[in-house]
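Work through the exercises below with the sequence and the structure at hand. Each task is followed by a solution in steps.

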Amino acid sequence: MSNETVLGKNGVNEPISSFPDEDGHFGVYGGRFVSEILMQALDELNSEYERLSRDDAFQAELKSDLSHYVGRASPLYFAERLTDMAGGAKIYLKREDLNHTGAHKINNCIGQALLAKYMGKPRIIAETGAGQHGVASATVAARFGLACKVYMGSEDIERQSLNVYRMKLLGADVVPVTSGSRTLKDALSEAMRDWVANVDDTHYIIGTVAGPHPYPKLVRDFQSVIGRETKMQFADMHGGLPDALVACVGGGSNAMGIFYPFLEDASVRLVGVEAAGMGLDTGQHAAPLTAGNVGVLHGNRTYLMQDAHGQIIDTHSVSAGLDYPGVGPEHAWLKDIKRADYVAVTDEQALAAFRSLNLLEGILPALESAHAVAHGIDLARSMDRDKAIVINLSGRGDKDIPTMAKIDGITIT
Amino acid sequence: MSRLTIKVKANQAAGRKSLVAYIVAGDPVKDLTVKLMHAMVDAGVDIIELGFPFSDPEAEGPVIQLAHERALRHDTSLRDVLSMVEQFRQGDADTPVILMGYLNPIELMGYEEFCVSASGAGVDGTIIVNMPPEESGVFASQLENHDIESVYLLAPTTTDKRAAYITAQSRGFVYYVSLKGTTGASNLDVRDVGEKLSRFREISSLPVMVGFGIKDAATAAEVAQISDGVVVGSAIVSLMAKHDQDLERVITDVTGLLCGIRKSLDEI
């Protein structure tokens, strides 16, 4: 089945995968809500990106680095013991945790660092929460010989000292952000401020499918290698198309990456899993699609966590990578047109799935990815044994060992 | 014609350079704002840009970020800001007030409700920092229906083509952000500003106010020589931060700064 279309702004049906429109809108979502100072840089980035996405040399270099540096294709793995435990549909794992630097983030960073190189920008900046995108950005900066500054909330710097040190080893300058709630959203604002002042020589590598146009599209495109590989690997291993794809959603880049090549395959159910934190009814969560409402932040219109006056509120998740009050605009749109479903999984459920995957498959997932695993197990259980699902295992969990040890009351020296 | 356009045109006709002053409503406390607005007018301010606070003021430098944080510490909401304007209007029917800030609080209130409340309160214009004219379609026409003028920004990076588009959408005046950076940055190059402004003047006859980097009477005078007026923001706001426990002192210092700038503008 390849017949999923939606009414475009010119009043005709367009394939879902043809969005955003030329101004970066997914329905009412997305767009370019930034200060005038950045408009020229975004226009330039957009036209350079459009040009390079058709440039053979650029594409060849990207492909080569994805194979030889990142280590793609990442395996698709049939999780037999997890499947038996769930007792329903077959569960496959897309192993993005096996990429260089341990997560899907590098796919986007390689692409954007190459963009910077082709655009002649010697300096990159990035924001980071848990430090994964910061590490991936610092890594590609080293690889391509670019100067790199990573903005990180001072709260997060305290919580993620290992990744901070790792970025420093990679030659990046890690800048603590002390404004606002001192977390990811403030780091993103601060990186935008840096970009405003240094647009001439700097490329800003946004780590997720959010931000002003063209970022949501560009990051999605670089991440969609995940879905393209999954489609081919699944056809080889199992035959046909999977019945469902499950991925965790913070900003939503790993989910868009695996969903995108399947958008027009109507038989494939797409499920995004947000962080319900302490529980949706406690307000201590990071689930804007499930429990937030529409607004404008960081350059795009999307679902947000906000109070009754339109102020952005603090989020909570045991997984720092999901701890963001917004979400990519394409997810907001896929929710509204009902092409994807969004659910939320609590800290407790994610921790249980984290343990299960260790014990049953010998795989240490990132706490972010453990959210997808938790819902994937429930979903598989609700389906017949002749069905099959793919869970995007977006990253590995070495970085989360200190958090887990703390929860278990163990002191690691 | 709104109070804003009337004031800008009258100043132009009289050869008076416009002095535009920016403060964040509710900084450092809600009670000070209306009093300070009147004091600023007495000190020679022509137009007030009243910032409405947002948790994530993306384009601001540290000084104004902290002002937003101070205002939010006691929950200054958009509704509070509108009632401050209403209160100000009881004592001042002439000075144009422009609300300046980020789109989200307005988006949540709803465009129509905002327009009705703002126009009822006596708001004359808006500057929504993160809403370029491309994204303002529906909202801009609702504002126009309620006689609220949308002021847009020009930047050093704005191309001639965009400048033509932006100045065609902007009402009252156009705000030239004089440097690549956030508010309160220090690297203002007046000659560079002059070159850009003469380019924009060929494109549009809309009056131009210049902001970002205007610190004192001297920079104000330099910049006003090549523009229709200046916007002073961070220089005022940093005085609020300095004496946030002594509100009388805030008023004295702010009016002192503004009187000095007014004097230098009038000497041009």
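Predicted model: local features only at pLDDT ≥ 70, side-chain atom pairs only at ≥ 80, totals over all residues.

**Exercise 1. Describe how helix α2 of chain A packs against helix α5 of chain A.**

Solution. Two packed helices are described by the angle between their axes and the distance between the axes.
Step 1: α2(A) covers residues 56-70 and α5(A) covers residues 132-144; the angle is about 115° and the axes are 14 Å apart.
Step 2: Angles of 65 to 115 degrees count as roughly perpendicular, so α2(A) is roughly perpendicular to α5(A).
Step 3: The handedness of the crossing of α2(A) and α5(A) is right-handed.
Step 4: The residues that meet are Glu61(A), Asp65(A) and Tyr69(A) from α2(A), and Thr139(A), Arg143(A) and Phe144(A) from α5(A).
Step 5: Sorted by class, this contact of α2(A) with α5(A) has 3 charged, 2 nonpolar and 1 polar residues.

**Exercise 2. Describe the packing of α3(B) and α11(B), and state which residues make the contact.**

Solution. 
Step 1: The axes of α3(B) and α11(B), the latter made of residues 234-242, come within 9 Å and cross at roughly 50°.
Step 2: That angle makes α3(B) oblique to α11(B).
Step 3: The crossing of α3(B) and α11(B) is left-handed.
Step 4: On the α3(B) side the contact is made by Val63(B), Ile64(B), Ala67(B) and Arg70(B); on the α11(B) side it is made by Ser234(B), Val237(B), Ser238(B), Met240(B) and Ala241(B).
Step 5: In the contact of α3(B) with α11(B) there are 6 nonpolar, 2 polar and 1 charged residues.

**Exercise 3. How do the axes of α10(B) and α12(B) cross, and which residues make the contact?**

Solution. 
Step 1: Helix α10(B) spans residues 217-224 and helix α12(B) spans residues 247-266; their axes come within 8 Å and cross at roughly 35°.
Step 2: The crossing of α10(B) and α12(B) is right-handed.
Step 3: α10(B) brings Ala217(B), Ala220(B), Ala221(B) and Ala224(B) to the contact, and α12(B) brings Gly260(B), Ile261(B), Ser264(B) and Leu265(B).
Step 4: The contact of α10(B) with α12(B) divides into 6 nonpolar and 2 polar residues, with no charged ones.

**Exercise 4. How many cavities of 30 Å³ or more does the structure hold, and what lines the largest cavity?**

Solution. 
Step 1: There are 6 cavities of 30 Å³ or more.
Step 2: The largest cavity has a volume of about 410 Å³.
Step 3: Its lining consists of 32 residues, and those nearest the centre are His104(A), Lys105(A), Gly321(A), Leu322(A) and Glu368(A).
Step 4: The elements that give two or more residues to this lining are β7, α5, α8, α11 and α15 of chain A.
Step 5: By class, the lining of the largest cavity has 17 polar, 10 nonpolar and 5 charged residues.

**Exercise 5. Which residues line the second largest cavity?**

Solution. 
Step 1: The second largest cavity holds about 70 Å³ of space.
Step 2: From chain A, the lining takes Ser179(A), Gly180(A), Asp186(A), Ser189(A) and Arg193(A).
Step 3: From chain B, the lining takes Phe54(B), Ser55(B), Asp56(B), Pro57(B), Gln65(B), His68(B) and Glu69(B).
Step 4: α8 of chain A and α3 of chain B each supply at least two residues of this lining.
Step 5: The lining of the second largest cavity has 6 polar, 4 charged and 2 nonpolar residues.

**Exercise 6. Which element gives the most to the lining of the largest pocket?**

Solution. 
Step 1: The largest pocket has a volume of about 890 Å³.
Step 2: It is lined by 35 residues, and the closest to its centre are Arg159(A), Gln160(A), Val318(A), Ala320(A) and Thr403(A).
Step 3: α6, α7, α8 and α16 of chain A are the elements that give two or more residues to the lining.
Step 4: α16(A) gives the most, with 5 residues.
Step 5: By class, the lining of the largest pocket has 13 nonpolar, 12 polar and 10 charged residues.

How values were computed. Residues numbered from 1 in each chain as written. Chains lettered and ligands numbered in written order. Heavy atoms only, no water. Axes fitted to C-alpha atoms, helices over the stretch in contact; angles between N-to-C directions. Helix = DSSP H or I, 4+ residues; strand = E, 2+ residues; numbered from the N terminus. Parallel < 35°, antiparallel > 145°, perpendicular 65-115°, else oblique. Left-handed = near helix turned anticlockwise from the far one by under 90°. Contact = heavy atoms within 4.5 Å. Nonpolar A, V, L, I, M, F, W, Y, C, P; charged D, E, K, R; others polar. 1 Å grid on protein atoms, 1.4 Å probe; cavity = no way out; pocket = protein on both sides within 12 Å on 5 of 7 lines; lining within 4 Å. Points joined across faces, edges and corners; volume = space filled by probe spheres on them.
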